[in-house]
Amino acid sequence: MNLIKRFLKKSFDKTIDGTGLAIFRIAYSSVLLCEIAQMFYFKELIFDKIPFIDKAEIYFGLPIGIWFLSVLLLVFGLFTRFASIINYLMSLILIGTITSYEYHVFYAYMGINFLLMFLPVSRCLSLDRLLLKLKYSNTTFQYNPPKKVRQLYYFLPLFVAIGLVYFDSIFIKLTADSWLNGLGVWMPGSFPMMAQLNLSFLLNIEYLMYFLGYLTLALEFGFIFLFFRKKMRVSIFILGVLLHLGILIVFPIPWFALTFISIYLLMVPVSFWKKYLVRKNKNHKFNFYYDTECPLCIRTKIIISHLDWFDVIGFKTVQFDADDHPKLSDIDKEILLDDIHSVDKNDKVYKGVDTYLQVFKRIFYLFPLYLLISLPGIYHLAKKVYGYVAENRDTERCSEENCGYNPPTIINSNE
């Protein structure tokens, strides 16, 4: 007990970057969305007394729809706390009460959905973080909410959804002759009614099947005792992901496999996400010029920089940087202030809607928006809307005299 107490205290006191927790939130919620969509499609088979004939007492399409919307909010990290509560309530009602058949992934769903109400999964890569930035930032100060979380928050989902589920499963496997004899992987993969692919060329390799069967037993037994050890983390991650990729390929239960893979993402070293996902570029190939005294422009800059995970957009000011670029130095300063301008690596200048199109083009998950707005008709409508907003927005420059807050008068300490 003292060992467990020291481990929990150390994990709680240690803070690490929360990007991995956010990646887990996005991946897990995306898989859960697919599970909910499938449940909606088969709702008559699941909830009707006699499918399509003797219908359920209530129409389950509505609660499933509410559940779907709450999980969609979790994907984007918007109103996360409220969405996680609705998500747990809906999962409690719709899958926590099912007794007619057992689906192992339900245990993982119930455990994770409970934890999501308490874990700081919106600390990074979320719209909630963006709303905080916009709420507390102004033209002279940009607020960056903290990104650190307790290391314990990475361990809890792994312990509840994988460790406990595996540990429970091992007792069932130890009473099954097929698993004890090393045939636990071979047998289900050999049944046509269970496997969706004919992998007999692998199933006929006797010692490979023995090896995979006993390796699965070892992984499920040892996971709960080893997953938190730093030296073992990468090895367990690779084995676990390969195991569930095999399940994904062989058996017709894709959401089961993908759910566990999404949880395994919590074992990826935090340094990996910082190095390859949320990174800072020193030399930007596309620069966005904004007005530092315009509140709307500041908010636009905050929004774009928040959405730009790979830091492909550089930000420069009209007041201090425009004169240094030969393509912009000849443009009248008032024109630069009235219209958003940008310059790419080939020194091509864009303005207005074309600047935003280039931004959407370079942020990978906004690329569909770039394709949509580029369509004839929509593009011209966007130009008209942008022109109307640009013409009618308040162009009064924001300064200490007319914007922000008045610092309080400091009382003399002697008084």
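I began with E220, whose side chain makes a polar contact with the side chain of S169 at 3.2 Å. A polar contact here is a pair of N or O atoms within 3.5 Å; within protein, one must be able to donate a hydrogen and the other to accept it, and residues adjacent in sequence count only if both atoms are side-chain atoms.

A note on what I am looking at: this is a predicted model, where local features need pLDDT of at least 70, side-chain atom pairs count only at pLDDT 80 or more, and totals for chains, interfaces and linings use all residues. Residues are numbered from 1 along each chain as its sequence is written, and side-chain values use heavy atoms, with hydrogens and water left out.

**Entry 1: more on E220**

I found a polar contact from the side chain of E220 to the side chain of K173 too, at 3.2 Å. E220 sits in helix 12; helices (H or I, at least four residues) and strands (E, at least two) are DSSP runs, numbered from the N terminus. Is E220 buried or exposed? E220 has a relative accessible area of 7%, so I wrote it down as buried (buried means under 20% relative accessible area, exposed over 50%, partly exposed in between, with a 1.4 Å probe and protein chains only). Leaving out residues up to four places away in sequence, I listed Y166, F167, S169, I170 and K173 as touching E220; contact means heavy atoms within 4.5 Å.

**Entry 2: the whole chain**

I stepped back and counted 22 helices and six strands in the chain. The C-alpha trace spans about 80 × 65 × 50 Å along its principal axes. Of the 415 residues, 43% count as buried. Among contacts with a separation of 6 or more, 72% join residues 24 or more positions apart.

**Entry 3: the cores**

Next I looked for nonpolar cores, meaning sets of buried Ala, Val, Leu, Ile, Met, Phe, Trp, Tyr and Cys residues joined through side-chain atoms within 4.5 Å. The largest has 71 residues, and W67, F223, I263 and Y264 have the most contacts inside it. Helix 2 (residues 19–41) gives the most to this core, with 11 residues. There is also a second, separate core of 25 residues, which includes I313, V359, I373 and A390.

I then picked W67 and set aside its neighbours within four places in sequence. Its contacts include L32, I36, M39, M90 and L94, and also N87, S91 and N113.

How many residues of helix 6 (residues 105–115) are buried? Nine of its 11 are, among them F106, A108, Y109 and N113. What covers them includes helix 2, helix 4 (61–76), helix 5 (80–94), helix 8 and helix 14.

I162, in helix 8, is buried because its relative accessible area is 0%. The C-alpha atoms of I162 and A108 are 7.2 Å apart, although 54 residues separate the two along the chain. Beyond four places in sequence, I162 is in contact with P157, F223, F260, I263 and Y264.

**Entry 4: the largest pocket**

The largest pocket holds about 1400 Å³ of space. Which of its 40 lining residues are closest to the centre? I noted W179, G184, P188, I247 and F251. Helix 13 supplies the largest share of the lining, eight residues. By class, the lining has 29 nonpolar, eight polar and three charged residues. My reminders: on a 1 Å grid over the protein atoms alone, a pocket is an open set of points where a 1.4 Å probe fits, with protein on both sides within 12 Å along at least five of seven lines, and lining residues have an atom within 4 Å of a point. Points are joined across faces, edges and corners, and a volume is the space filled by probe spheres set on them. Ala, Val, Leu, Ile, Met, Phe, Trp, Tyr, Cys and Pro count as nonpolar, Asp, Glu, Lys and Arg as charged, and the others, Gly among them, as polar.

**Entry 5: two loop residues**

F52, in the loop between helix 3 and helix 4, has a phi near 70°, a positive value in a residue other than glycine. F52 is exposed, at 55% relative accessible area. L125, in the loop between helix 6 and helix 7 (127–136), has a positive phi near 50°, but L125 is buried at 13%.
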